[in-house]
Amino acid sequence: MKLHLISLFLLLGTSVSLAQWPAERKQPYDAAAPTTADSQTPATYLTLRECAAERLTTESSSTVPALTPLAPGSLFNEVTLHGWRGERCSTQMAVTPNGPARQLRVSCTGLSNGRSTIPAQVSFIRYTKAHNTPTADIIGREQNCDNPARVTRGIWVQVEIPHNAEPGVYLGFVNVNAPGCAEAKQKIVLFVDEASLPSPDKWKIHLDLWQHPQAVARWHDVEPWSPEHFALLRPLMKRLAEAGQKCITCTLLDEAWNGQTYDTFPSMIRWIRGRDGVMRYDYTQLDAWISFMHDEIGIREQISCYTMIPWHLSVRFFDESTNHYGQVKARPGTPEYDALWAPFLRDFQKHMQEKGWADKTCIAIDERPDAMVKAAMKLVAENAPKFRVASAVDKPSELSRDVYNISPVITHAGTTLGDLLTERRKAGKITTFYVCLHPLKPNTFTYSPPAQAEWLGFFAAANHLDGFLRWAYNSWNRNPFECTDFVQWPSGDCFLVYPGNRSSIRFERLRDGIENYEKINILRARAAESPEAADAVRIMNEQLAGIFSVERSKGDDHTADVQRGRAIIEATLQRLNSCSK
């Protein structure tokens with residue numbers, strides 16, 4: 001089982017004032033506010049409750065349930081993890097002082113089967129704000145924490161199962177200590193299956209989370225595209241690649257989305273109009289970014305170039321005759337548009353061919369009217385036939401049949417299923433789906449129940465879609481450690497990870513869903529082993545399709561759905577193994 005939310009309530013001694021983590025730009029905001037507590041409560045026993053799929057906030061944890069005295073150091077219900085070799089398993093726990101604040105420390109033993117040990121990582125989860133409510137989301141690296149009275153402190157435990165791990169049962173312990181208190185101890189049981197996941201670079205899912213390099217440069221106050229900038233980008237983008245990312249986000253012009261993020265989205269290509277009136281193009285920054293992501297990070301399937309249809313329909317350029325920047329506005333389908341974009345496309349295709357990237361390049365379009373998209377596609381076909389077109393759309397149309405990579409919002413994803421999906425797959429085209437600020441559920445907002453992020457991977461697999469798109473991997477606001485809101489967008493809509501290469505509960509649960517996607521595809525491939533195996537896979541497909549549907553996505557059963565989906569995967573694996581004996 002991927003993630004159980006378990007809480008250890010630790011009763012502590014004397015009272016001290018709240019010690020917040022500094023709310024500075026480069027420090028995580030820790031907004032856990034104390035509630036009224038009896039400072040005379042003795043630190044004599046521990047109690048345990050299960051949190052199901054709770055999103056921890058100081059509001060939800062402000063009332064500690066009635067306590068049952070137990071012997072200090074007692075062990076409670078074990079936490080069970082279940083994973084394939086090569087899988088990342090994680091669990092969230094929560095420790096709460098029933099009295100005053102204390103310095104908490106968490107540690108975790110390795111998980112052992114008596115012959116070998118699998119390391120486990122453990123750290124405290126930090127609070128940030130979502131719509132003014134302190135919410136646990138940031139997976140930190142700290143194992144020590146000053147904690148106020150009666151505030152639930154999340155703990156993240158993560159286990160990377162080696163590909164060569166011996167199948168079987170592994171045992172270990174998570175330990176929480178505080179001065180003057182008996183140690184809180186939680187048993188972890190890990191079941192390792194014989195089945196294996198390949199390394200993330202071999203995963204089949206077409207994951208497209210849009211990157212924002214400028215946000216990293218601004219946060220760390222370094223020169224964009226400098227060696228320092230790339231050094232800071234490296235771990236953050238490695239994390240993305242290790243989730244199965246397939247696309248490199250590039251910009252052909254300034255502010256393709258008309259300034260919807262805190263940091264700018266400048267062009268990676270410098271448009272220059274010479275004194276002779278002829279436009280030329282400097283690809284220096286674009287080449288550096290693609291080379292970094294493609295060669296060093298290992299994201300190599302698609303280069304998504306935004307865009308020929310910016311929301312403002314304008315291209316900014318440097319005019320050598322005036323020594324100032326100018327701007328030209330042109331609407332698709334007009335002679336002015338063709339005159340602006342046709343020469344660029346011819347030059348850009350030639351450049352990308354020279355770099356060896358032309359066959360991976362997509363002119364990417366985001367939610368533009370069909371008439372505009374049709375005009376742009378015609379121009380691409382005439383001037384850069386090596387390139388393909390990718391488009392995120394609200395609702396697919398007849399034009400969607402011709403787009404190489406189409407991604408409708410989840411509420412309209414059903415329109416790309418059935419015969420159209422089969423037709424597109426036969427033609428070698430990619431069909432994914434996306435969520436953004438819509439719908440409110442399922443989604444990956446800071447306040448979303450964690451299971452909703454995992455639900456998305458199940459939805460893609462159950463409906464035979466190629467993958468998932470989301471518009472923002474790291475478009476940070478002013479200070480995401482203080483608050484995850486940004487203008488009218490829902491909390492966390494702009495980013496899934498935090499500065500300093502800190503992950504989040506929602507990103508890790510999204511990754512869990514991606515691993516489930518890979519498992520399902522691996523099981524489907526075994527249908528050819530025998531008629532019995534084909535029947536087991538058929539049953540799995542029918543069960544998943546009945547749970548992870550567009551209609552059901554609008555409900556409130558995502559947590560139960562995810563639990564059922566995991567159980568279906570494990571039951572199918574057992575049936576297939578039985579068939580092969």
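I take buried to mean under 20% relative accessible area, exposed over 50%, and partly exposed in between (1.4 Å probe, protein chains only).

I note that this is a predicted model, in which local features need pLDDT of at least 70, side-chain atom pairs count only at pLDDT 80 or more, and totals for chains, interfaces and linings use all residues. Residues are numbered from 1 along each chain as its sequence is written, and side-chain values use heavy atoms, with hydrogens and water left out.

**Salt bridges**

I looked up salt bridges (a side-chain nitrogen of Lys or Arg within 4 Å of a carboxyl oxygen of Asp or Glu) and found 34 in the structure.

I checked Arg-401 and Glu-398, whose side chains meet in a salt bridge at 3.3 Å, N to O. Glu-398 is exposed at 60% relative accessible area, while Arg-401 is partly exposed at 29%.

I then checked Lys-202, which pairs with Asp-201, the closest N and O atoms being 3.6 Å apart. Lys-202 is exposed at 52%, and Asp-201 is exposed at 57%.

I next examined Lys-519, which forms a salt bridge with Glu-570, the closest N and O atoms being 3.9 Å apart. This pair links distant parts of the chain, with Lys-519 in helix α8 and Glu-570 in helix α11, 51 residues apart. Lys-519 is buried at 3%, and Glu-570 is buried at 13%. I also recorded one network, in which salt bridges that share partners join Arg-88, Glu-160, Arg-239 and Glu-508.

**Helices**

Helix α8 spans residues 505-525 and helix α11 residues 558-579.

Note on methods:
Axes fitted to C-alpha atoms, helices over the stretch in contact; angles between N-to-C directions. Helix = DSSP H or I, 4+ residues; strand = E, 2+ residues; numbered from the N terminus.
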